Structures are given as structure tokens and as C-alpha cells.
Amino acid sequence: MRCPICKSPVDESQAGKPGNYFPFCSERCKLIDLGRWLGGKYQIPVVEKDESDKVPGDDYTDDYDH
Ligand SMILES: [Zn+2]
């Protein structure tokens, strides 16, 4: 078979052996695939937590304007 990333020939007989990255031809291609998978399904935005210090009660003062 061929590597899903770079289409290089992959020796299936080596699958499961230590140091083998089946179905990828190399660690590099395995990481590329992993990166794609993470980027597509696991896109976790980096959220700054500065606003956690804000007191929710501050907004209640707006009710007096009604
Ligand atoms: Zn490859």
C-alpha cells in the first residue's frame, strides 16, 4: 500500500513493529496526519482567562435605567 500523506510505498509486512509508522511511511507523515486531524476536529481556541476576575454583579447597575 501507499502512505496516505505522501503516497510513498509502505511495507505492510512491517506493520505493528517497533519504529514503524504504518500506515504511514514515516513519523513525519504520521505527525502531519495527526495535525490535520487535530486541526479539523479538535480546534481548541486559546482563551485568555483574564475576564474570570470580572465580577458578574457589575452589570446589574444597568437595570436602574429602565
Ligand atoms: Zn509518507
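Modeller: One term before we start: a residue is buried if 20 or more other C-beta atoms lie within 10 Å of its own, exposed if 12 or fewer, and partly exposed in between, with C-beta atoms placed from the backbone. This is a predicted model, in which local features need pLDDT of at least 70 and side-chain atom pairs count only at pLDDT 80 or more, while totals for chains, interfaces and linings use all residues. Residues are numbered from 1 along each chain as its sequence is written.

Biologist: What percentage of the residues count as buried?

Modeller: Of the 66 residues of the chain, 6% count as buried.

Biologist: And how many helices and strands does the chain have?

Modeller: The chain has 1 helix and 0 strands, where helices (H or I, at least four residues) and strands (E, at least two) are DSSP runs numbered from the N terminus.

Biologist: Where is lysine 7, and what is its phi?

Modeller: Lysine 7 lies in the segment before α1, and its phi is near 65°, a positive value in a residue other than glycine. Most residues other than glycine have a negative phi.

Biologist: Is lysine 7 buried or exposed?

Modeller: Lysine 7 is exposed, because 10 other C-beta atoms lie within 10 Å. Its C-alpha is 8.5 Å from that of cysteine 25, which is 18 residues away in sequence.

Biologist: What about aspartate 11, buried or exposed?

Modeller: Aspartate 11, in the segment before α1 (27-41), is exposed, because it has 11 other C-beta atoms within 10 Å.

Biologist: Changing topic, which kind of peptide bond runs from phenylalanine 22 to proline 23?

Modeller: That bond is cis, with omega near 5°, and proline 23 is also placed in the segment before α1.
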